[in-house]
Amino acid sequence: MIATDMDQTFLNNQNTYNKDRFKELFNEMQRQKIHFVAASGSQHERLRALFTPYANQMDFISQNGSIIYSGDQLLDVEQLPVPLVQQTIDTIFENFNDDEVMINVCGLTSSYIDQTTPARDRRFFA
C-alpha cells in the first residue's frame with residue numbers, strides 16, 4: 001500500500017499533479033497489486049475529482065480521517081459530537097474578529113457556512 005497526503009505533498013503548488021506520469025505509476029501499482037490511498041483534510045468529493053479515472057480502484061481518507069471510502073463504498077464516518085462543534089465555533093468567535101473568521105463545517109454530503117459570511121467570500125466554499 002502507498003498512502004499520501006495531498007496538499008503540499010502529492011500535489012504541486014497549483015494543486016495539480018503530472019497526470020501522465022501518475023497514469024504510468026498507477027498502472028504499475030495495479031500490476032503489482034499495490035493499493036493507492038489519497039489522504040487529506042479536504043472533502044471526499046474534492047479528492048475523488050482529482051483522481052476521476054482511478055477513483056473506483058483506490059481509497060480515500062478525507063476530512064482528516066473522519067470519512068473513509070474504498071472506491072465508491074463508504075467504510076467509516078466519525079462524527080464530532082454537536083456540542084463539541086458548537087463549543088469550537090463559539091471559542092473561535094470569542095477569540096477572533098468577525099472579519100478574521102470564515103466558518104465551514106463539513107458533513108458527509110454537505111458543507112455549511114455561517115449565514116453572516118459576506119457574499120464576496122462565499123465563493124471560497126462553492
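By class, how many nonpolar, polar and charged residues are there in the lining of the second largest pocket?

Author: Quick housekeeping: this is a predicted model, where local features need pLDDT of at least 70 and side-chain atom pairs count only at pLDDT 80 or more, while totals for chains, interfaces and linings use all residues. Residues are numbered from 1 along each chain as its sequence is written, and side-chain values use heavy atoms, with hydrogens and water left out.

Now your pocket. The lining of the second largest pocket has five nonpolar, two polar and six charged residues. Here Ala, Val, Leu, Ile, Met, Phe, Trp, Tyr, Cys and Pro count as nonpolar, Asp, Glu, Lys and Arg as charged, and the others, Gly among them, as polar. That lining is made of 13 residues, and D98, D99, V101, T117 and P118 are the ones that lie nearest the centre. The volume comes to about 220 Å³. As for the word itself, on a 1 Å grid over the protein atoms alone, a pocket is an open set of points where a 1.4 Å probe fits, with protein on both sides within 12 Å along at least five of seven lines, and lining residues have an atom within 4 Å of a point. Grid points are joined across faces, edges and corners, and the volume is the space filled by probe spheres set on the points.

Helix α4 (82-95) and strand β6 (104-106) each supply at least two lining residues, and α4 gives the most, with six. These element names come from DSSP runs, numbered from the N terminus: helices are H or I with at least four residues, strands are E with at least two.

In soluble globular proteins, nonpolar side chains tend to be buried together.

Leaving out residues up to four places away in sequence, M6 touches L11, A38, A39, S40, L47, L50 and F51, where contact means heavy atoms within 4.5 Å. Pick S40 from that list: you'll find it in the loop between β2 (36-39) and α3 (44-50). S40 is buried, at 5% relative accessible area; buried means under 20%, exposed over 50%, and partly exposed in between, using a 1.4 Å probe and protein chains only. With that sequence cut-off again, the neighbours S40 touches include D7, R46, I61 and N64.

Two of those neighbours pair up. R46 forms a salt bridge with D7, with the closest N and O atoms 3.0 Å apart. R46 sits in helix α3 and D7 in helix α1 (residues 6-10), so the pair ties together parts that are 39 residues apart in sequence. R46 is partly exposed at 28%, and D7 is partly exposed at 25%. A salt bridge here is a side-chain nitrogen of Lys or Arg within 4 Å of a carboxyl oxygen of Asp or Glu. Side chains of opposite charge can pair when their charged atoms come close.

A search of the whole structure finds four salt bridges. Among them is E24 with R21, at 3.3 Å from N to O; both lie in helix α2, three residues apart, about one turn of the helix. Another joins E28 and R31 at 2.6 Å, and this pair too lies in α2, three residues apart. E28 is partly exposed at 31%, whereas R31 is exposed at 59%.

Last stop, the loops on either side of α2. N15 lies in the loop between α1 and α2, and its phi is near 60°, a positive value in a residue other than glycine. K33 is in the loop between α2 and β2 and has a positive phi of about 60° although it is not a glycine. N15 is partly exposed at 36%, while K33 is exposed at 77%.
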